Structure formats: structure tokens, C-alpha cells
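Please keep the sequence and the model at hand while reading.

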Amino acid sequence: MGLKARSEFLYFAWRNKKLRVGLAIILFFALMAIFGPFLAKYPPNEYVEVAAFPPSREHWFGTTIFGQDVFSQFVHGLRATFIVGLIGGTIGTLLGILIGFTAGYRGGMVDEILNMITNIVLIIPTLAVLIIIAAYLTVRGILTESIFIGLTAWPWAARAIRAQTFSLRVREYVDMARISGMKSWRIIFGEIAPNMMSYLLLVYILQFGGAVLNAAALDFIGLGPTDTVSLGLMMNYALLWAALPLKIWWWFVPPGAAIMAIVGALYVTNVGLDEVFNPKLREL
Amino acid sequence: MMRLDRVSKIYRVGAFGARKLPAVCDVSFDVRGGEVVSLIGESGSGKSTIGKMILRLISITSGKIWFNDMDISTLKGNALKEYYRRVQGVFQDPFGSYNPIFKADRIFQIVRREFYPHIPQADWDEKVERTLTSVGLNPQQVLNKFPHQLSGGQLQRFLIARALLLDIEFLVADEIISMLDASTRIDVLNLLADLKARGLSILFITHDLSLGYYISERAVILYCGRIMEMGRTESVFSNPIHPYTQLLMDSVPRLDQKWAKTVRSVEDGDKAHLAGCVYYPRCSKGTPECTKAIPPLVEVAPDHWVACHRW
Amino acid sequence: MTLQVENLTLYYQTLRGDARALEDATFKMADGEIMGVAGESGCGKTTLGHGIVLLKPPMKFVRGRVVLDGEELPIWDMERMREYRFRKISIIPQYAMNALNPIRKIGTMIGEVVRSRGIDYGAILPELKRRLDLVGLSHDVLKMYPIELSGGMKQRVVLVLSTLLNPSVLIADEITSALDVSTQKAVMEMLVEFRDRGFVKSIMVITHDISILYQVADSIMVMYAGQLSEKGPTEVIIHRPRHPYTKMLIGSLPKVGVRYAETRLSGIPGSPPVLLDPPPGCRFQDRCPVAFEKCRDVPPFLEIEPGHFVACWREY
């Protein structure tokens with residue numbers, strides 16, 4: 001990207017309120033996920049205190065019905081959430097890139113076959129498949145969960161990237177590259193992809209948010225990781241042990257609010273970035 | 001040099017490619033060594049499709065394209081690369097031909113990387129500068145800049161220089177000056193003419209008859225993917241025989257002559273495929289006979305060919 | 001005098017300051033005049049056309065007056081211009097034919113435009129059909145979608161629509177540049193016919209192609225980098241131009257009958273100035289073979305013979 005283009009981008013990025021707010025929220029939670037566990041005084045699953053103790057100086061977010069420290073669970077869960085988002089989002093985006101670029105650039109038969117596969121995966125009820133797979137695995141970790149989520153989330157990314165590639169493939173500079181004898185992969189990653197960086201970034205953000213939400217949903221219905229904590233699991237336990245009727249609000253409000261805030265902030269960032277990248281949406 | 005033999009391009013559209021959409025039909029002509037041939041046609045005439053088939057950017061549906069007695073449609077891998085070393089193209093949109101996020105001179109680096117990886121950088125830089133000077137550019141002024149910092153004329157010269165860095169024998173110039181401003185386009189055209197003088201063969205694709213006349217020895221008039229008339233430029237322009245060529249000649253806005261009051265011929269959108277002449281629906285001289293068979297290209301005078309039942 | 005423009009100055013607001021796209025344009029268009037406006041990209045011809053009818057950001061009104069049929073137009077006020085637009089002064093913007101709503105039938109679209117100006121579509125329909133006949137379109141086009149029409153057909157529809165209310169002035173911006181030569185001729189001739197029939201009093205034809213203007217225009221105005229260079233009757237501009245830019249521009253055009261091998265034409269060396277910070281004075285001075293010190297002042301647009309205006313210090 002040119003120096004001028006870059007400074008222009010930063011100029012509009014800084015002026016965009018949505019982007020600033022969204023990024024600030026994400027940054028806040030990311031810092032908490034990184035440094036929070038060091039601040040937490042107790043291991044997340046250890047029984048340390050009286051049951052269902054409301055927030056206090058000792059236990060910032062109170063304790064669970066088993067007497068576990070909610071703050072430590074929360075920061076560890078936050079970490080898990082970001083890990084799922086990173087791994088699941090990356091896998092989903094990479095698969096989407098691979099399939100989208102191949103289909104869009106090659107066209108013809110290759111495109112039709114890939115498009116068929118994409119459509120099939122797209123209409124499979126993802127959550128149902130995840131439930132079935134998760135039910136078969138007795139020991140489940142964050143990593144396996146992230147991989148499953150990534151493996152099922154790529155189709156719409158692939159479709160979006162394919163459509164973009166289609167429109168870029170017919171540009172004259174791609175023809176220029178072809179008559180320079182460049183190999184296909186070089187044209188895709190050297191000529192086409194750099195022009196879609198902003199688009200790929202948006203795809204990644206949405207994949208990240210999607211993975212976080214999917215993981216929360218899986219955990220909430222009890223099919224999450226068995227060997228750790230996560231925000232979804234916290235809500236799952238809170239529900240199972242009647243935190244709602246017992247009015248132990250400090251148990252389920254922090255994880256619920258955090259998931260909402262993170263996913264919400266990701267979407268707001270996405271809209272903000274879109275406005276920055278797309279000159280038509282810019283306000284002068 | 002370059003010979004097209006009954007070349008056709010048919011697109012299949014609709015579900016399972018049920019409908020056939022011919023873009024180019026049975027086109028045969030050749031470009032000899034050191035010759036400029038104009039391929040003249042309106043939008044949708046298939047002229048760019050022909051250029052792209054020669055450059056192997058689009059596949060040929062039927063027919064053959066021969067480059068020095070070599071069938072180009074089967075070229076693969078290294079053979080194709082060697083072909084590109086000798087046959088190159090420059091396209092219409094100077095800004096579109098550059099990847100907007102990179103500097104314009106990156107096209108030279110790509111040529112080096114793909115074709116001359118063994119030439120030392122210093123020698124290469126010198127060769128680039130020499131070539132830029134030969135196309136009328138000042139290397140200091142144009143190197144190390146982004147496409148939007150250069151003018152359309154400079155960018156097209158850049159692309160011509162890029163082609164010249166290779167051992168080029170044949171150039172497809174597809175509407176290369178139609179997007180340039182009047183005051184600069186003629187210089188790019190002159191540059192092409194100078195290259196011809198050095199022995200380069202050029203296929204000059206254009207919709208502008210006066211440009212075609214200015215630069216080429218021979219002209220091919222295309223309509224709806226078929227050749228209507230072709231031959232030596234003077235014969236075709238001063239003695240147009242096909243009604244379509246005559247209409248074109250009458251419609252060209254000139255500075256030395258006003259439009260004659262002729263019967264208006266505007267298309268009414270009817271593009272139904274006929275068994276006969278494709279120009280029949282717009283033709284002022286058509287007879288029922290014209291709808292029965294496709295008129296063959298006939299040599300009506302030495303090196304002057306016409307495809308019309310009524311000539 | 002149908003249209004009078006005085007000192008019209010319009011800038012474009014950009015991130016890096018104002019681009020001075022049109023500077024002190026002063027000219028007149030007589031009743032029944034077809035005036036061609038010619039120049040290269042960035043010369044200000046489109047800014048001029050849009051500025052008179054459709055002035056909106058990032059375009060900025062700086063100064064000047066536009067008088068139509070003796071009445072000053074509030075061109076700086078998009079809202080108040082609604083009254084005049086389409087009724088008294090119409091514009092066919094560049095690419096208008098591609099801007100037709102693809103999911104509206106032509107007839108529906110025309111109905112909406114007409115009704116938005118408080119006119120009954122039914123009452124105007126007979127006249128609409130008569131004009132479609134004139135431009136060689138069947139009435140069926142009213143029931144068709146834009147995608148079903150060719151470029152030339154769409155351009156004719158736009159022409160009929162924009163002159164439906166018999167405006168005084170029509171501004172046609174590059175209406176034939178995307179068309180093929182044979183269609184180009186037809187559309188241009190229709191433009192002349194519309195003037196002859198009185199559907200529109202005067203027409204401003206904006207184009208980069210000066211040879212089209214030679215065919216249809218009564219007068220030609222040549223612009224360069226936001227300044228008016230020369231205006232005069234068509235024959236005078238083409239055969240006896242006075243401004244160095246006009247001379248070089250016409251000299252650089254290939255004509256049928258001119259061969260490279262026999263007559264080698266040449267272009268104008270150099271490129272136009274950047275409009276963010278143009279040099280003071282005549283903006284052609286850097287490329288002009290006869291420029292001298294005086295050119296650092298802006299030359300006046302002076303009438304050197306009746307109807308022939310030139311902005312060049314060499315005329316003194």
C-alpha cells in the first residue's frame with residue numbers, strides 16, 4: 001500500500017467512531033484475557049470459599065454455588081474464548097480463502113464442483129453436526145472445539161471470496177500477469193489477494209465473531225471442553241445449578257455480558273472498517 | 001507470422017450451457033512480418049476476443065491460430081512462456097493494467113523474475129532505463145512512482161517498454177490509445193509506427209477508423225464476430241464495397257467533411273440469429289437471398305476481400 | 001440570449017485542498033445555438049455542465065452568475081434549482097444511460113420522473129409517444145427494461161425524457177462517447193432535429209471529440225485546465241483557430257486520409273497542470289511553444305472579431 005494511501009486510511013480510521021469504540025472494547029477484553037489470569041488469586045475450578053458469595057473485596061465477581069471464584073473463571077474463560085476465536089476464525093478464513101480463490105480464479109468445472117461442495121456444507125445444520133461430533137468425543141479440549149468450528153464455518157467466507165475473485169480476475173492487470181507467464185498461485189497471492197486485504201480482514205473479523213458465538217452456544221448446551229473453563233461453560237453450569245431462580249446473578253451476568261460485548265464490538269468494528277475501506281461510505 | 005484459420009469462439013450460457021452465444025465466427029486472416037494490421041469493429045464485434053485468443057487469455061472454440069507454423073492452442077508450461085517472450089499485448093485501460101497497490105515499475109521486475117532471472121540487477125536496471133528512453137520517457141521522472149502519479153500516456157508507454165524488454169516479434173495493441181487524451185494519443189501511435197519500422201508485427205485493434213487508416217497497411221472490418229471486408233487499407237477505405245463498411249465510412253466524424261444526409265440506420269435490438277448474413281437486419285441493400293446463406297469472403301480485387309451477396 | 005454565464009468559478013473540495021476545476025468562465029449561448037464544449041479530461045467541461053444544473057458537494061460554488069432567459073439561476077442551491085431543472089434546463093449526465101434503474105420499466109421510470117414534477121403522465125403520454133416515433137423507437141420500449149435496450153436505444157430514451165417538457169437549455173455531457181460511430185451519428189442528428197423542432201431552444205454539447213462537434217455544432221468553446229481558451233463559430237475554430245492550444249489540438253487529430261507514412265502528426269508535449277495548485281496566469285503556458293513573460297498573468301477572454309473570443313496574450 002502506498003504511503004499516501006496508508007496515511008489516508010489512518011486518517012479515516014481515526015475519524016471513525018464505530019471503529020474506535022469497537023476496537024477499544026475488544027482491546028479491553030483481550031488485555032483482560034492475557035493478563036487477567038495473572039491477577040486472579042485462585043485456580044478457576046478450585047473450591048475456595050463459601051458457596052454463592054456475592055461480589056466482595058476478596059472475590060471481585062463473587063463465588064459460584066460450589067464456592068469457586070467467578071473472577072478467576074471469568075478471566076480464564078475469556079482466554080478460552082479468544083483462543084477459540086483465533087483458531088476457529090483462522091481455520092475458517094484459511095479454508096474460505098483456499099476454496100474461494102481456487103473456485104473464483106479457475107472458474108469452469110473446478111468452480112462448479114467447489115461451489116457444489118460449498119453449498120452442501122452451507123445448508124448442513126452446523127450446530128446439529130457439531131452436537132453429534134461433540135457427543136462422540138468423550139474428552140474434548142478447546143483446540144478440538146476450535147477446529148470443529150473452523151471446519152464448518154468456511155462456506156460463506158468461500159462464497160464471498162469467490163465472488164470478489166471473479167470480479168478481480170477479469171481486470172487487465174491480471175491479464176498482464178498471465179501474459180508475463182506467471183503461475184496461477186502467484187497471480188492469486190501476488191496480484192489478486194493484495195487487492196482484497198481489506199476484504200479478507202473483514203472476513204476474518206466475522207469468522208472470529210462467529211467462532212466465539214458458536215463456541216458459546218456449544219458450551220452452553222454442555223458440549224464444550226471437558227478439561228477447562230469457558231464463558232459458555234460458566235453459563236451452562238449457572239443454568240444447571242439454578243443460578244437464575246436463586247438469583248446468583250454474578251455467576252451468569254459477567255460471561256453473558258462479555259460474550260455479547262465482544263461479538264457486538266467485532267461487528268461494530270466490522271461496520272466501521274467497511275466505512276473506512278469503502279470510499280463511498282466515507283464522510284468527508 | 002501470425003495466421004488465424006477459421007477461428008471461432010462460442011460461449012455457452014444458461015443452465016448447462018444450453019444456449020450458444022457466438023462471439024467470433026470463422027475468422028481467418030494473417031499478419032505478416034513487420035506489418036500493422038488494423039482490426040476494426042464496433043463494441044461487441046468480437047475484436048478484443050480475437051486479441052485475447054491470440055494472447056491465450058481465452059480459449060479457442062474451433063479453428064487454429066498459427067504463429068510461425070506453430071499451433072498456439074496446445075502450448076503449455078515452458079513452451080507457453082517462450083511464446084509470451086515473443087508475443088505480447090497492451091490493453092485499453094492504462095490504469096487498469098497496473099495493480100493499483102504497487103508501484104508502476106513493478107511490471108519490469110516481474111518480467112525479470114519470470115524471463116531473465118539470471119541477469120544481474122545492475123545490468124537489468126540499465127536495460128530498463130535504455131528501453132524507457134527508447135519509448136520517449138525520462139527514467140528519472142517515471143521510475144519509482146505509483147500508477148496514479150503517472151499520466152495515461154506515460155503508463156501506456158511503460159507497457160510498451162515492458163513488451164520491448166522481451167524478444168518480442170508480435171504485439172497485440174487492443175484499443176491502446178482510446179482512453180488517452182487527444183493531445184498525447186498521437187505520440188503513442190507514432191511510437192507503435194516506429195516499432196513497426198524496426199520489424200515488429202502489430203495487430204492494432206480499434207473502433208476508430210481514422211486511427212486504423214493512419215497506422216496500418218491492411219485492415220480487417222469485423223461485425224458481430226464475422227469479417228465483412230478486409231484488404232489493403234487504401235482499397236478498403238477508398239473503395240468500401242460492403243454496405244457495413246460504407247456505413248462506417250459515412251458515419252466517421254471528420255474535420256474536412258460534414259456528414260452526408262443519409263438514411264438513418266439504427267439497430268432496433270433485434271439480434272435473432274439468422275441462417276444468412278449477420279448484417280442483414282441493418283442492411284439497406286439486403287434481399288431475401290441474403291437470409292438464406294452466409295456470404296463467403298470473396299477476393300474482389302487483388303488483396304481486397306468482401307463477404308456480401310450483393311457486391 | 002438564452003444562457004449567460006459570468007465569472008463562473010467552481011472548485012472541488014478534496015482532502016488536499018480545493019481543486020480549481022473551473023475559473024472565471026464567461027460566455028453566452030444564443031437562442032437556437034448548439035454550442036460544443038471541447039477539451040481533454042480535467043479541462044473543466046463536465047464541471048461547467050454540472051455546475052449550471054446539478055451543483056452538489058464535493059463541488060463548491062465560489063462565484064459567478066448564470067442567467068437563463070433573463071432570470072438568474074440559484075445554482076448554489078440544490079433545492080431551489082429543482083424548480084428549474086428538467087422544466088427549464090435539463091442535463092444528460094455522462095453515463096446517464098447506464099444509470100437507468102434496471103428493475104424499472106422505461107415507462108414506469110418516465111412516469112415517476114414526470115409525476116415528481118407534478119405533471120400528469122397520462123396527459124403527456126401522447127406527446128411522449130410522438131417523440132419516441134421521431135427517434136425511431138417503438139412504443140414497446142415503454143414496457144421494456146433498460147437491460148433489453150442497446151446503448152444507442154437507451155441514449156435515445158434519455159434524450160426524449162430530458163427534453164419532454166421543452167426546456168430552454170439542454171446540456172448533453174459525452175452522450176455519444178460510449179456509442180459506435182454509426183449510432184453516434186444517429187443520436188447527434190436527433191439532437192439537431194430536436195433543436196430544429198423547437199423541443200429545446202439551445203443545446204450545450206460537451207465532448208472530448210472535436211470532430212463530432214464539427215458535424216453538428218454552431219459554435220465551439222475550447223477549454224484547457226479549467227480556463228476557457230477560445231470560443232467561436234465552428235468553421236472559424238476548426239479552420240482558423242487562434243489559440244495555440246486549439247491549433248495544436250486540432251493538428252494532433254488523425255483524419256481518414258492521413259497516413260503515418262506520409263504525414264506524421266505530432267501531439268502536444270507535456271501534461272496539464274495539477275489543479276490543486278496551478279501556476280498563475282495562463283495554464284497552458286508550460287506546454288505552449290509561444291509563451292512569454294506576460295503569460296504569467298491570466299489572459300482576458302477577448303472578442304477579437306464578432307463572436308470569436310480568445311484568451312491569449314499573443315493576440316495583443
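## A loop residue in chain C

Where in chain C is Asn166(C) found? Asn166(C) belongs to the loop that runs between helix H5 (151-162) and strand S7 (169-173) of chain C. The model is a predicted one, and in it the phi angle of Asn166(C) is near 50 degrees, a positive value in a residue other than glycine.

## Other backbone features of chain C

A positive phi is also found at Phe86(C), where the angle is near 75 degrees in a residue other than glycine. Phe86(C) is placed in the loop between helix H2 (78-81) and strand S6 (89-92) of chain C. With a relative accessible area of 8%, Phe86(C) is buried.

Chain C also contains a cis peptide bond, which leads from Pro57(C) to Pro58(C) and has an omega near 5 degrees. Pro58(C) sits in the loop between helix H1 (45-53) and strand S4 (59-68) of chain C.

## Confidence of the prediction

For the complex, the predictor gives an ipTM of 0.86 and a pTM of 0.83. The mean pLDDT of chain C is 89, with 100% of its residues at 70 or more.

Chain A has an average pLDDT of 84, and 95% of its residues score at least 70. Within chain A, confidence is lowest in helix H1 (residues 3-15), where the mean is 71. Confidence in chain A is highest in helix H7 (residues 172-178), at 93.

## Salt bridges

Side chains of opposite charge can pair when their charged atoms come close. How many salt bridges are counted over all chains? The count comes to 40.

One salt bridge is formed by Glu114(B) and Arg186(A), whose closest N and O atoms are 3.8 Å apart. This pair joins two chains, because Glu114(B) lies in helix H3 (residues 106-115) of chain B and Arg186(A) in helix H8 (residues 184-192) of chain A. Glu114(B) is buried, at a relative accessible area of 11%, whereas Arg186(A) is partly exposed, at 30%.

## Pairs within chains B and C

In chain B, Glu175(B) forms a salt bridge with Lys47(B), and their closest N and O atoms are 3.7 Å apart.

In chain C, a salt bridge connects Glu112(C) with Arg104(C), and the closest N and O atoms are 2.6 Å apart. Glu112(C) counts as partly exposed at 35% relative accessibility, and Arg104(C) counts as partly exposed at 28%. Salt bridges that share partners also join Arg20(C), Glu23(C), Asp24(C), Arg63(C) and Arg283(C) into one network.

## Surface patches

Which residues form a nonpolar patch on the surface of chain A? They are Leu127(A), Ile131(A), Phe220(A), Ile221(A), Leu239(A) and Leu244(A), and together they have about 510 Å² of accessible area. Phe220(A) lies in helix H9 (residues 197-220) of chain A. At 33% relative accessibility, Phe220(A) is partly exposed.

Chain B carries a negative surface patch, formed by Asp123(B), Asp125(B), Glu126(B) and Glu129(B). Asp123(B) is located in helix H4 (residues 121-134) of chain B. The relative accessibility of Asp123(B) is 43%, so Asp123(B) counts as partly exposed.

## A buried position in chain A

Is Ala238(A) buried or exposed? At 2% relative accessibility, Ala238(A) counts as buried. Ala238(A) has its place in helix H10 (residues 231-240) of chain A. Ten residues along the chain separate Ala238(A) from Ile248(A), and the C-alpha atoms of these two residues are 8.3 Å apart.

Definitions and conventions
Residues are numbered from 1 along each chain as its sequence is written. Chains are lettered from A and ligands numbered from 1 in the order in which they are written. This is a predicted model: local features need pLDDT of at least 70, side-chain atom pairs count only at pLDDT 80 or more; totals for chains, interfaces and linings use all residues. Side-chain values use heavy atoms; hydrogens and water are left out. Patches are made of residues with over 30% relative accessible area and no salt bridge: like charges are joined within 9 Å, nonpolar side chains (Val, Leu, Ile, Met, Phe, Trp, Tyr) within 5 Å. Accessible areas come from the Shrake-Rupley method with a 1.4 Å probe; for residues, only the protein chains shown count as cover. A salt bridge is a side-chain nitrogen of Lys or Arg within 4 Å of a carboxyl oxygen of Asp or Glu. Lys and Arg count as positive and Asp and Glu as negative; His and the chain ends are not counted. The place of a charge is taken as NZ of Lys, CZ of Arg, CG of Asp or CD of Glu. Helices (H or I, at least four residues) and strands (E, at least two) are DSSP runs, numbered from the N terminus. Buried means under 20% relative accessible area, exposed over 50%, partly exposed in between (1.4 Å probe, protein chains only). pLDDT is the predictor's confidence in each residue, from 0 to 100.
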